[in-house]
Each structure stands twice: as structure tokens, then as C-alpha cells.
Amino acid sequence: MIKNGVSYLIVFCITINVYSQQLSQYSNFVSNAFYYNPAVVGGHNCLVLKGGQRNQWIGFEGAPKTSFVSVSTSINNAKNFQPGTYIGLGGYLQTETFGAFRRSTVNLAYAYSTPLKGKTSIAYGLYLGFQELVIDGSLMSLQIGNDPIISGSSRKLLIPDIGAGLFLENTNWYIGYSAKQIAMNNWSGLIESELSKNRFHHFIMGGKRIKAEKFNLVPNTLLKYTNNSPAAIDLNLNLETFNNIFNLGISWRNLDAIIALLHLNIVDHLNIYYAFDFSTSKINTSNSNSHELIIGYKSCPKTTNKEPSCPLFY
């Protein structure tokens, strides 16, 4: 039986969806850039499969949990495309739960990338899909019965989901802008309040590789902003080893966490990404840290070319 503490979490969930950041966050935002920007789809120039799980605020009953699977690939027809041009195609499925609240998102993505000058290219991307929002009243223990905002044992709402992005890349740097939840749908069919609706979210992501003799340093940043909410900034520094098999990183999120990052590249096809978030916000009580694990497989042929790819596609 979910206790009254979860009722507080549900109310908090609704509150942040009205006034603040609504979308899931990933500490491994570099390895899961597909979630933020559809324009990166196909950047590996091969089939890429990924799946991941994020457990936030361990120790809190009803705390947020997010899982996803994604697939992406590229099409490069030399007869019809100019050299360096490709089309990226992909799909992204995500489920997130927060107490009695659940959101499932299904997106199909399309990207078109073309070279600009030298080793720099530009890509345009589009997300199209839907969100299913569910509140299960049977999992809540409300202090006041017949709550006017949440009534009934369970409610569902299906709404369209649209996003778009722009991405510039080079072998040593990248920068991208994207927007999500462009449709800004109202939630009044889910909870009886006209105040609740999806918010338009802006993301800017960038990074640069700083080369050294035996390793590379790659600073990355992710800026997240929506109206009526303070901007959230993730700053991280990744250490790329010469053979790129074992990489480490550290990240800082201005609102709530310091993060340790680990990346293992196994036989050039299997990648494992792990993040541990140490909470620095007021919620940092007993054992309220977060864990995140992503496993990826890419079918790219193994190459002896030592020149690195764009820092986003490691």
C-alpha cells in the first residue's frame, strides 16, 4: 500500500508539470543525445540500438523511474545524394513513472545531414509521435477524499508529441539546438485543471575535443529551459583514453547534483554507460542519490582509422 508520503510526491509531480521542467533528465546526455535532439539520428552511419534505465532518488517510495529503448540508422545513396549526405531514421520509446503518474512516449525521428565545408556538416531533424499520460488513483492515499483535481480510480490521456532539432558537427566539436513538446497540449482530460499542460522545452547541447598525447579531454554542456522555470545546466568533462576502451567523466548539474560517469567500449560494438548522481539539493536525505545505466550496440564495421569521430558519437 502506498503511504501518504507518495501523495506528497504525486502533488509534487503535478506541481512541476505545471510550473517547471516536465521532461526526463539523463546524466549520460552525451550517449543519449537522441532523446534530446532528433537531428543526431544516423550520425553513426550504421545501425545503433540502445536501452537504459534511470532510478532517481533511491530510498524514496514512488520516486521517478525512467526506461527507454531506441534504434537508429542511416541511408546513404551515392547515386542520389551528394558525397557526405545521408538520411537518418530512428525510433524512441520511453516510459517514466512517478508514484501513481505514468507517461509513455513513442517517437519516430527523421534527420537530413549534408556537408558544409571541410569536415563540418549540418543536420535537420524532426520528431513525430504521441504521449500516453496515466494517473492511477488506486495507488494514491489522499488526505481528503473526492479530491476535485484528481478523481476516479484511473485516467488516461493520449496526446500528440512533436519536436524538431538542428545539429552542427565536426570531428572535434559539435553544437545543437532542439525543441520538444511543441504542441503544448492541455492535460484537462487527465486532471480537472485548466492550468496543467505540456510546456515548450528548449535544449542547447555542445562539446569540444581537446587533444593530448595519450588522452583527450572533452567538455560538454547541456542547457535546458522552459517558461516559468529556472534554466538547468549540465556541465561535464569526459576523459577519452587513447584506445577509447575505458573512459571516465565528472558532471555538475546546477540545480541538484554532482555526477560520476563511466563508459566501457567492449569489442568496438558493445558500449556500457553508467552514471551515479550525488544529490546536492534539499532532497539530499538518507540514500536519495540516483543511478543510471545505458547499454548500446552498434553494427558499425571495425576500422583501423585512428581519427576520432564527432565527440557526440563515441
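Leucine 248 lies in strand β12 (residues 246-253). Helices (H or I, at least four residues) and strands (E, at least two) are DSSP runs, numbered from the N terminus. At 39% relative accessibility, leucine 248 counts as partly exposed. Buried means under 20% relative accessible area, exposed over 50%, and partly exposed in between (1.4 Å probe, protein chains only). Leucine 248 and leucine 264 are 16 residues apart in sequence, with 8.9 Å from C-alpha to C-alpha.

This is a predicted model: local features need pLDDT of at least 70, side-chain atom pairs count only at pLDDT 80 or more, and totals for chains, interfaces and linings use all residues. Residues are numbered from 1 along each chain as its sequence is written, and side-chain values use heavy atoms, with hydrogens and water left out.

Phenylalanine 278 belongs to strand β14 (residues 270-279). Its relative accessibility is 40%, so phenylalanine 278 counts as partly exposed. Between the C-alpha atoms of phenylalanine 278 and aspartate 256 there are 8.4 Å, and 22 residues along the chain.

Leucine 23 sits in the loop between α1 and α2. Its relative accessible area is 14%, so leucine 23 is buried. Glutamate 96 is 73 residues from leucine 23 in sequence and 9.5 Å from it in space, C-alpha to C-alpha. Valine 48 is part of strand β1. It is buried, with a relative accessible area of 6%. Valine 48 and tyrosine 297 are 249 residues apart in sequence, yet 5.7 Å separates their C-alpha atoms.

Now the aromatic residues. The whole structure has nine aromatic pairs. Rings of Phe, Tyr and Trp (its six-membered ring) pair if their centres lie within 6.5 Å; planes under 30 degrees apart count as stacked, over 60 as edge-to-face and the rest as tilted. Tyrosine 26 and phenylalanine 68 make an edge-to-face pair, 5.6 Å centre to centre with 80° between the planes. Tyrosine 26 is in the loop between α1 (4-19) and α2, and phenylalanine 68 is in strand β2, so the pair ties together parts that are 42 residues apart in sequence. Tyrosine 26 is buried at 1% relative accessibility. Phenylalanine 68 is buried at 4%.

Tyrosine 35 and tyrosine 36 form another edge-to-face pair, at 4.9 Å centre to centre and 80° between the planes. Tyrosine 35 and tyrosine 36 are buried. Ring pairs join Tyr26, Phe34, Tyr35, Tyr36, Phe68, Tyr92, Tyr127 and Phe203 into a cluster. The charged end of lysine 180 sits over the ring of tyrosine 35, 3.6 Å from its centre. The test for this asks that NZ of Lys or CZ of Arg be within 6 Å of the ring centre and within 35 degrees of the ring normal.

What of the nonpolar core? In soluble globular proteins, nonpolar side chains tend to be buried together. A nonpolar core is a set of buried Ala, Val, Leu, Ile, Met, Phe, Trp, Tyr and Cys residues joined through side-chain atoms within 4.5 Å. The largest one has 27 residues, of which Phe34, Tyr36, Val40, Phe167, Tyr174, Met205 and Leu312 touch the most other members. Two or more residues of this core come from each of α2, β4 (101-117), β5 (120-136) and β8 (201-208). The most come from α2, which gives four.

The structure also holds eight cavities of 30 Å³ or more. On a 1 Å grid over the protein atoms alone, a cavity is a set of points where a 1.4 Å probe fits but cannot get out; lining residues have an atom within 4 Å of a point. Grid points are joined across faces, edges and corners, and a volume is the space filled by probe spheres set on the points. At least two lining residues come from each of α2 (33-36), β1 (48-55) and β2 (65-75).

Two backbone details remain. Most residues other than glycine have a negative phi. Asparagine 45, in the loop between α2 and β1, has a positive phi near 60°. Glutamine 181, in the loop between β7 (173-180) and β8, has a positive phi of about 55°. At 2% relative accessibility, glutamine 181 is buried.

Definitions and conventions
1 Å grid on protein atoms, 1.4 Å probe; cavity = no way out; pocket = protein on both sides within 12 Å on 5 of 7 lines; lining within 4 Å.
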